[in-house]
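Subject: Structure handover

Hello,

Here is the structure I said I would pass on. My notes follow below it.

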Amino acid sequence: FQRIVLVSLVWHMLRALRALDGHGLQVVPAPMGAIAPRDMTVLDRLPSAYGLLDSRLVLHEWLGLQLSR
């Protein structure tokens, strides 16, 4: 086995790990880009462009996982 460190964004890690599965590699995940919890204000609960982008990223990864099965 070859041992590698897989550096990827936290929301993409599962799909990246699945892509390397079965290739004879021992993969050590090193996720990046996790968002730390914080106190939310009332305005944080309103729709925003950032929220729409996050939704797009989640949908993109979910579709990628479904298509890679």
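In which strand does Ser-8 lie? Ser-8 lies in strand S1. Before the rest, two remarks on how to read these notes. This is a predicted model, in which local features need pLDDT of at least 70 and side-chain atom pairs count only at pLDDT 80 or more, while totals for chains, interfaces and linings use all residues. Residues are numbered from 1 along each chain as its sequence is written, and side-chain values use heavy atoms, with hydrogens and water left out. Helices (H or I, at least four residues) and strands (E, at least two) are DSSP runs, numbered from the N terminus.

The strands

Strand S1 (residues 2-9) pairs with strand S2 (residues 25-32) in the parallel sense, over eight bridges; two strands count as paired if DSSP finds at least two bridges between them. Between S1 and S2 the chain passes through H1, and this β-α-β crossover is right-handed. Right-handed here means that, with the strands pointing away from the viewer, the path from the first strand over the helix to the second runs clockwise.

Ser-8 has Pro-31 as its bridge partner in S2. Ser-8 is buried, with a relative accessible area of 11%. The classes are buried (under 20% relative accessible area), exposed (over 50%) and partly exposed (in between), with a 1.4 Å probe and protein chains only. Apart from neighbours within four places in sequence, Ser-8 is in contact (heavy atoms within 4.5 Å) with Met-13, Ala-16, Ala-30, Pro-31 and Met-32.

Gln-2 is also found in strand S1, but Gln-2 is exposed, at a relative accessible area of 57%. Not counting residues up to four places away in sequence, Gln-2 touches Gly-24, Leu-25 and Gln-26. Gln-2 and Leu-25 are 23 residues apart along the chain, and their C-alpha atoms are separated by 5.0 Å.

Helix H2

Helix H2 (residues 49-67) has 19 residues and reaches 27 Å from its first C-alpha to its last, close to the 27 Å expected at 1.5 Å a residue. The expected span is 1.5 Å times one less than the number of residues.

Which residues of H2 are buried? They are Glu-61, Gly-64 and Leu-65. These residues lie on the same side of H2 because they cover an arc of only 100° around the axis, the arc being that of the directions from the helix axis to the C-beta atoms. The buried residues of H2 pack against helix H1 (13-20). On the face turned away from the buried side are the exposed residues Ala-49, Leu-52, Arg-56 and Leu-67.

Leu-59 is found in helix H2 too and counts as partly exposed, at 46% relative accessibility.

Salt bridges

A salt bridge is a side-chain nitrogen of Lys or Arg within 4 Å of a carboxyl oxygen of Asp or Glu. By this rule the count is two.

Arg-15 forms a salt bridge with Glu-61, and the closest N and O atoms are 2.9 Å apart. This pair links distant parts of the chain, with Arg-15 in helix H1 and Glu-61 in helix H2, 46 residues apart. Arg-15 is partly exposed, at 22% relative accessible area, whereas Glu-61 is buried, at 10%.

Arg-38 forms a salt bridge with Asp-44, where the closest N and O atoms are 3.0 Å apart. Arg-38 is exposed, with a relative accessible area of 58%, and Asp-44 is partly exposed, with 30%.

Regards
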